[in-house]
Amino acid sequence: MSLSYPYDVLLNKPRRWRSTSVSVSLDSGLKIAQRSKDATVCFRGPKERIKELFTKVELSVSSYDTAWVAMVPSPSSPQYPYFPKCVTWLLGNQHPDGSWGLPHSESILIKDALSSTLACVLALKRWNVGEEHVKKGIHFIVSNFASATNEKQQSPIGFDIIFPGMIDYAKDMGLNIPLSPPILDSLLHKRDLEFKRASTSSSERSKAYLAYVAEGLGKLQDWHDVMKYQRENGSLFNSPSTTAAAFIHFQDANCLNYLHSVLERFGDAVPTTYPSDTYARLCMVDILVGLGIDRHFRDEIKVVLDETYRYWLQGVDEIFLDPVTCAMAFRILRINGYNVPSDALAQFDEEKHLCDPLEGFMGDINALFELYKASEIMILPNEPVLEKLNNWLSRYLKQELSNDSLDGVHKYISKEVEYTLKFPHYTSLERLQSRSNIENYNVNSLRVLKTAYRCLNINNQNFLELAMEDFNFCQEIHCKELQHLELWVKENKLDKLKFARQKLVYCYFSGAATLFSPELSDARMSWAKNGVLTTVVDDFFDYGGSKEELVNLIELVEKWDGNQAAHCCSEEVQIIYSVLYNTVNELGNKAFAWQRRSVTSNIIDIWLSLLNSMMEEAEWARNNSAPTMDEYMTNGYVSIALGPIVLPALYFVGPELSEEVVNGTEYHNLYKLMSTCGRLLNDVQGFKRESEQGKLNGVFLQMMHSCSGTITKEEAIREIRAVIESNRRQLLELVLKTEGSVVPRVCKDVFWKMSKILHLFYMRNDGFTSPKEMINYVNAVIYEPINPI
């Protein structure tokens, strides 16, 4: 009983082959290799520009933070600024409308512009320079003051404390800002409530929040308490504005040294957060993987991961004191095989405080989303930190989506959140995810802390350009390969077998959606051909063949002789054996070039194991037998028919696999865990159909043989789903394991890719979720190119 594909709607899909010069080798990898070289030349421009970004992190500077640094007085001459070049920068960077900050073409960023503009006005007034600049700035503030209480506006972190605090500073300086009394009263009232709530909280995060926004509290703040949060680099929270305010109040030399270091890096202005190199580079890695172009930057990515792991082991503040960076580092390092315990995320598992808007700097939507993605990478039987995070974050993010809370500057991340919640990491196929990421990629997206900022290492046109070209290039190859496979089906008369489901498109799609790069053409063809053949053989054993025909087919495969036409008892057996014999030998010959040894006998043995397991199931059905659950699963993980699809494909993904590795325990466990998931997923979703057909099914056997006695269908399914989750975690753990592992990681990944395919196919129904959705998936991967945006 093999993987079931219930829908036939794609068989009559009109082909829309695009005219293309792509030349795909169907008999060797030579033309694919040449085409890949040609593509490398075409991609060279954006690739080289992206590689340069690994060497330097480029952040937009912050008018808000620069203004606070500009307010720092000289210790020896307090009537003069310590950083006069920052004051000069402010004078030269006011917008025509009188505001400062990033160009606020986004109408929802008016609060950010108000905050930045008022800070700059205070800095210029502090040193009695730029009188006209101050007037224009005040005019902007007065004209847009109503936005300060507009709940639909995106609020920078701490705005409700910092902005009213700066208004108080303005009064103390004698600045006349004619603000609307009702709006001002509302702001001050909200500030007082927020301060009271945070200051009376026993939460450490509340104390940290007040320290982070300390520049807005002035004399209300105990600066000795604020200095408890000073980091090794001398900063407060890696924030130039908080650090500058701390120096103004506390005259700490380490704060001053930090400010010097930031200005040495950025010149006359400062960013809103520094350092953020680790965060930016991890974002680059994550984006390149998500866009499907990481294979072009393997060396650069390895350097980033090794460096990040070294920082992780050293306990560097830049990672562990920021939830976004810590969560991203954990997820990316773990998924790449680095040993990182989930305990590091325990500090961020406080649901109440992370979601509290008054403590938002610790839990903006980026942080919550990153923590959720990290919580998905569970590999141990019991990881309570990740399980707790996953449970409440999934609820919270779903609620935010349903409430349309993720709009404004979060509108792009909302699409990513929606996709991630719909497709958990163990169901997400690379090409579908890449397409979604490409289509929703925003080169102008912002992150908002105390002020909005951009990072060119994260939002860059070169990423999008390369990703689109690479996706379309791969897709052209996929179209040609599928065209060849359709001819292969007809030439081998597989379409003449009336009992057999014709599932070529599905079989090829599952390979192309995961093994998508050009150099994996042989692997995709092996995957698809064996997928078609397992479907045919499964149908033959289920209802297409008599017992005599089944026995005859097995005997033919055991003898493995090309001159067996006279020994075939029927035309159906002759067609099946002939195409099986030719295909296995063809794949064996191709694999010799990859492996430098003959593996044909190994592929034959894989097929024999499948045929014998299917015969065992046929005998159970014929004799109306009910095996134990152990007997069923011992046979069932083979009869699900993933062996002929996955195992031969491993010979075409790159590394040489010795006989010792192929026959080893690790290799077998990977296969068994993957196949067990497939068998049980198939049984859960196919229970109704197979019960009606009188077939054995794991759910039925679990109902009969449960340790708790006879149980209901719902209880049996619940128990089986727990087994699936356990096997899935064990599989991922084995895939990610490095110590003592002999199976190459690229090969182990293929087992995990098939597991993801299985979980997607059986996510809601038997096979794919719906004909319409499946057509969309296939079109997205194989047929429809991505058009320039």
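Let's start at threonine 278. Leaving out residues up to four places away in sequence, what does threonine 278 touch? The answer is Thr308, Tyr311, Glu318, Ile319 and Thr325. Threonine 278 itself sits in helix α12, which covers residues 277-290. With a relative accessibility of 5%, threonine 278 counts as buried. And before I forget, this is a predicted model, so keep that in mind throughout.

Tyrosine 274 and proline 275 are joined by a cis peptide bond, with omega at about 0 degrees. Proline 275 is in the loop between α11, residues 253-266, and α12. Why point that out? Well, most peptide bonds are trans, and most residues other than glycine have a negative phi.

That second point brings me to two more residues. Tryptophan 560 isn't a glycine, yet its phi is positive, about 45 degrees. You'll find tryptophan 560 in the loop between α24, residues 547-559, and α25. Its relative accessibility is 17%, so tryptophan 560 counts as buried, the cut-off being under 20%. Then there's alanine 641, again not a glycine, with a positive phi of about 70 degrees. Alanine 641 is in the loop between α27, residues 629-639, and α28. At 1% relative accessibility, alanine 641 is buried too.

OK, let's zoom out. How many helices and strands does the protein have? There are 35 helices and two strands. Along the principal axes, the C-alpha atoms fill a box of roughly 105 × 60 × 45 Å. The protein has 789 residues, and 61% of them count as buried. Its accessible surface is about 31900 Å², with 50% of that belonging to carbon and sulfur atoms. On contacts, take those with a separation of 6 or more: 74% of them are between residues 24 or more positions apart.

Most of α34 is covered, with 14 of its 17 residues buried.

Now for charges. The structure holds 39 salt bridges, and I'll show you a few. One is between lysine 190 and aspartate 160, where the closest N and O atoms are 3.3 Å apart. Lysine 190 belongs to helix α7, residues 181-199, and aspartate 160 to helix α6, residues 159-173, so this pair ties together parts that are 30 residues apart in sequence. Are the two partners buried or exposed? Lysine 190 is partly exposed at 31% relative accessible area, whereas aspartate 160 is buried at 13%.

Another salt bridge joins aspartate 192 and arginine 191, with the closest N and O atoms 3.1 Å apart. Aspartate 192 is partly exposed, at 42% relative accessibility, while arginine 191 is buried, at 8%.

Arginine 596 lies in the loop between α25 and α26, and glutamate 656 in the loop between α28 and α29, so the pair ties together parts that are 60 residues apart in sequence. Arginine 596 is exposed, with a relative accessible area of 64%, and glutamate 656 is partly exposed, at 43%.

There's also a network of salt bridges, and it links Asp286, Arg331, Glu370, Lys373 and Glu416.

Last topic: cysteines. How many disulfides are there? The count comes to zero. Take cysteine 255: the closest cysteine sulfur is in cysteine 86, and it is 16 Å away, too far for a bond. Cysteine 255 is buried, with a relative accessible area of 0%. Cysteine 568 is in no disulfide either; the nearest cysteine sulfur, in cysteine 569, is 7.5 Å away. With 14% relative accessibility, cysteine 568 counts as buried.

Notes. Residues numbered from 1 in each chain as written. Predicted model: local features only at pLDDT ≥ 70, side-chain atom pairs only at ≥ 80, totals over all residues. Heavy atoms only, no water. Buried < 20%, exposed > 50% of the residue type's maximum accessible area, 1.4 Å probe, protein only. Helix = DSSP H or I, 4+ residues; strand = E, 2+ residues; numbered from the N terminus. Salt bridge = Lys/Arg side-chain N within 4 Å of Asp/Glu carboxyl O. Disulfide = S-S within 2.5 Å. Contact = heavy atoms within 4.5 Å. Areas by Shrake-Rupley, 256 points an atom, 1.4 Å probe, with all protein chains shown as cover.
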